[in-house]
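Okay, thanks everyone for coming. Let me put the structure up, and then I'll walk you through it.

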Amino acid sequence: MTILEVRNLTKRYGEQVAVKDLSFALEEGTATALIGPNGAGKTTTLSMLAGLLRATSGSINWHRESGVGFLPQHPHFFPWMTALEFMEMAAKLSGVHSKNALSQSKKTLEFVGLGSVQNKKTGTFSGGMKQRLGLAQAIVHEPKLLLLDEPVSALDPTGRREIMDLLKSLQPHTTVLYSTHILNDAEQMTDQLLFMQHGKLVEHGSLGEVKERYAEPRIRIRFQTARQAAAFAGQVSWPADLDGSAVELAIEEEGDTAMKKVLAKLADTSEGVIGVEQKTATLEEIFIKVAGGK
Amino acid sequence: MNQFGVLFRKEWRENLRNYKIFWIPIVFILFGILEPVTNYFLPQLLDSLGNLPEGAVIELPVPQPEEILQAVLGQYQLIGMAILILAYMGSIAGERKSGTATLLYVRPLSFRDYFLSKWLMAGITGVMSVWLGLLAAYYYIFLLFEQVEIISFLQFAGTYSVWILLVITIVLAASAAMPNAGMAAAVSLALVFFMQIADSLLGAYWTFSPMKIPAYAAQWLYGKPDMSDYWWTLALAIAFILALLFFGIWMAKRKASTAKV
């Protein structure tokens, strides 16, 4: 079931176009990563979806009563308020019944790991704690749709892993759309990939689909030394690229067949082979390719 | 869901924890006490500091208690108004600028309740401060001079309260409409002071305008203002307040998208 559908979404600031003709849909219970270089229009898109910005044109269709949670890239809290006070206010303003607001707030703070500091003022919180509180205020009313702007970019690797695990545990009850430039994280939790550049959607699909589209029939062979690699590259008839002590072969054939041929060639000629692999593009490589205009 | 209650509680806590609810009344009380006390000690002050020639005799008329109360009002009209405007200039513009508003605006927020909760809190602080200040002045005038008739005093302070609410409404509406706290303060100060000056220069041509409230409030001390002009002035002030409330709510909603994300 489609929970959110965006059609021809456009945001203009005078002459400048921040988001142009953006169309996509989110299926219920899925996680979608919104990636793209700085200034691609990711934050503007999320702000429009969250209802903070009005679109210049286009439409956003979703069931508003199912609720939305939003975590801005840098959440700002009232420094004089305690975490629990803020959560209770957020819950009530989001429509949680006042009878349940306090217990719901406490439960959510426990969930994000802030249970022990719930009565501390948010002005004393570190960046990581604010990010957790930001997540907590976004999910306290159990929204069906969760919009997160760079939820883990400000965190250290441990914090990133913990937040990503928390987000995963919200599925499949919650549909998540998040922007990120930490592609490693995106690869771990994404059913759909939206790639934006200059305000436009330049690439989208499931992670598998996108990877397939950018996969190149390349086989990478690693040698012990660069000299051995160079010697091998000189012997083969396929187009070969030297990369330090490795050789990359671009073979215009079915992966299996190509691999067999390479292994056969290696068997009778070469020395010092450490590894042979069929290359698949990482998200980072795809990112650079798409961002660089292919 | 009662959003007004939730938001008012937030405003209450904020005013309590940033001490506005304490220091604003204290300033008004200080000015309220200072006026009768300096008047009382003025002869001695002149004597010890005045550097007058030997044998000079100064005869100062003893001020009427009503005049001292009116002088307190004069202080409030300058310093008091500036303090209220500076204290509440950032109510909305500041929240947008700092980004704290974003986490409120992203919810199904009633901007009416949002604006009115701030208005009520600032209104309570402002009116309470003025009453406490005037009561302190009243008490010290009673101690050092004579008692002002209590009914006159209540009419005086009650009338002036309408003016305070008007000023509070102006600064909150400006805070909703302007991009930052500084501009909200500039617009409010300009409105309050320049319009008062305009009224005092050209006000002879009309007999009722909200700017005349402080003058009519003071007239209660000596008798009573022309009642027709008085009621028209109050009615006009309330109409202004209502119009500014609608304008402020509308601007708070309209400018919500300028909050820092």
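This is a predicted model: local features need pLDDT of at least 70, side-chain atom pairs count only at pLDDT 80 or more; totals for chains, interfaces and linings use all residues.

Residues are numbered from 1 along each chain as its sequence is written, and chains are lettered from A and ligands numbered from 1 in the order in which they are written.

When I say helix or strand, I mean DSSP runs numbered from the N terminus: helices are H or I with at least four residues, strands are E with at least two. Two strands pair if DSSP finds at least two bridges between them.

In chain A, six strands make an open sheet, ordered β5-β6-β7-β3-β8-β9, with mixed pairing. At the edges you'll find β5 (68–71) and β9 (200–205) of chain A, and each has a single partner strand, so one side of each is left without a neighbour in the sheet. From one strand to the next, the twist averages 15°; the strand axes there are lines fitted to C-alpha atoms, and angles run from 0 to 180 degrees between N-to-C directions.

Let's zoom in on β6 of chain A. With β7 (residues 175–179) of chain A, strand β6 (residues 145–149) pairs in the parallel sense over five bridges. With β5(A), the pairing is also parallel, over four bridges. Together, β6(A), α5(A) and β7(A) make a right-handed β-α-β unit. Right-handed here means that, with the strands pointing away from the viewer, the path from the first strand over the helix to the second runs clockwise.

Is β6(A) mostly covered or mostly open? Mostly covered: five of its five residues are buried. Buried means 20 or more other C-beta atoms within 10 Å of the residue's own, exposed means 12 or fewer, and partly exposed is in between, with C-beta atoms placed from the backbone. In a regular strand, side chains alternate between the two faces of the sheet. On β6(A), one side carries A:Leu145, A:Leu147 and A:Asp149, the other carries A:Leu146 and A:Leu148, and they're all buried.

Most residues other than glycine have a negative phi, and most peptide bonds are trans. A:Glu150, in the loop between β6 and α5 of chain A, has a positive phi, near 50°. A:Glu150 counts as buried, because it has 21 C-beta neighbours inside 10 Å. A:His198 also has a phi near 50°, and sits in the loop between β8 (192–197) and β9 of chain A. With 15 other C-beta atoms within 10 Å, A:His198 is partly exposed. Then there's a cis peptide bond between A:Gln171 and A:Pro172, with omega about 5°. A:Pro172 belongs to the loop between α5 (157–169) and β7 of chain A.

On to the core. A nonpolar core is a set of buried Ala, Val, Leu, Ile, Met, Phe, Trp, Tyr and Cys residues joined through C-beta atoms within 7 Å. Which residues touch the most other members of the largest one? Out of 134 residues, they are A:Leu147, B:Val171 and B:Leu172. The element giving the most to this core is helix α7 (residues 150–177) of chain B, with 15 residues. Apart from that core there's another, of eight residues, including A:Phe223 and A:Leu249.

Last, chain B. Its secondary structure is ten helices and zero strands. Of its 261 residues, 42% are buried. Its C-alpha atoms fill a box of roughly 75 × 40 × 30 Å, taken along the principal axes.

How many residues of chain B are in contact with chain A? It's 22 residues, meeting 23 of chain A. On the chain B side, α1(B) gives the most, with six residues.

That's the tour, thanks.

Notes. Two residues are in contact if their C-beta atoms, placed from the backbone, lie within 7 Å.
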